[in-house]
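Here is a short briefing to read alongside the model. Have the sequence and the 3D view open, and let us walk through it together.

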Amino acid sequence: MLLHIVARGRIGRSPEAELVDRYLKRIVWPTRISELPDRGGREPDRPTQGRRILLDEKGEVLGSTAFAERIGRWRDDGVREARFLIGAADGFSDAERGEADMLLSFGRATWPHLLARAMLAEQLFRATSILANHPYHREG
């Protein structure tokens with residue numbers, strides 16, 4: 001299953017970009033990042049067997065194990081792509097939220113988009129590590 005991050009804005013060369021790159025390189029599953037301009041631009045076509053996950057303050061707050069289990073279920077159900085969208089500064093509209101398969105939140109605090117991208121990359125690495133029984137993740 002492809003893990004695809006679609007983010008508004010350019011990350012450029014920054015410490016956050018280094019973190020994103022560091023975690024995505026550790027993931028053994030296929031990964032991709034698509035960057036869209038802050039305004040406009042078109043999301044890549046979604047595969048028929050895909051899930052669209054919006055990072056949104058109104059979303060579910062999942063622990064790392066529950067997040068891994070969700071991704072594992074999708075993989076086992078034959079989902080070809082899990083697409084994680086990080087919106088612009090104003091977030092997503094109600095219509096966009098309604099079209100999503102899942103809304104995911106990293107808590108009720110507002111996070112800068114570049115940090116959200118790094119946090120997502122780390123959580124994707126952690127989830128795939130949990131699913132592979134790798135010792136990276138430690139509970140409690």
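Leaving aside neighbours within four places in sequence, which residues is leucine 55 in contact with? Leucine 55 is in contact with Phe84, Leu85, Ile86, Phe92, Leu104, Phe106, Ala116 and Leu120, where contact means heavy atoms within 4.5 Å. Please keep in mind that this is a predicted model, in which local features need pLDDT of at least 70 and side-chain atom pairs count only at pLDDT 80 or more, while totals for chains, interfaces and linings use all residues. Residues are numbered from 1 along each chain as its sequence is written, and side-chain values use heavy atoms, with hydrogens and water left out.

**The annotated site**

- An unreviewed UniProt entry carries the annotation "binding site" for Leu55 and Gly87; such positions are given in the numbering used here, feature names are shortened, and annotations may be inferred rather than shown by experiment.
- The two are spread over 33 residues of sequence, yet they cluster in space, with a largest C-alpha distance of 7.5 Å.
- Leucine 55 sits in strand E3 (residues 50-61); helices (H or I, at least four residues) and strands (E, at least two) are DSSP runs, numbered from the N terminus.
- Leucine 55 counts as buried because its relative accessibility is 14%; buried means under 20% relative accessible area, exposed over 50%, and partly exposed in between (1.4 Å probe, protein chains only).
- Glycine 87 belongs to the loop between strand E4 (81-86) and helix H3 (94-99), and at 6% relative accessibility it also counts as buried.
- Not counting residues up to four places away in sequence, glycine 87 touches Arg8, Phe92 and His113.

**Helix H4**

- Helix H4 (residues 113-131) has 19 residues and reaches 27 Å from its first C-alpha to its last, close to the 27 Å expected, a span taken as 1.5 Å times one less than the number of residues.
- Because 14 of its 19 residues are buried, H4 is largely enclosed by the rest of the structure.
- Asparagine 133, which follows H4, has a positive phi near 60°.

**Salt bridges**

- The whole structure holds 12 salt bridges, each a side-chain nitrogen of Lys or Arg within 4 Å of a carboxyl oxygen of Asp or Glu.
- Lysine 25 and aspartate 21 pair at 3.1 Å, N to O; both lie in helix H1 (residues 15-26), 4 residues apart, about one turn of the helix.
- Aspartate 45 and arginine 42 form a salt bridge, with their closest N and O atoms 2.7 Å apart, and both residues are exposed.
- Glu43, Arg52, Glu81 and Arg83 are joined in a network of salt bridges.
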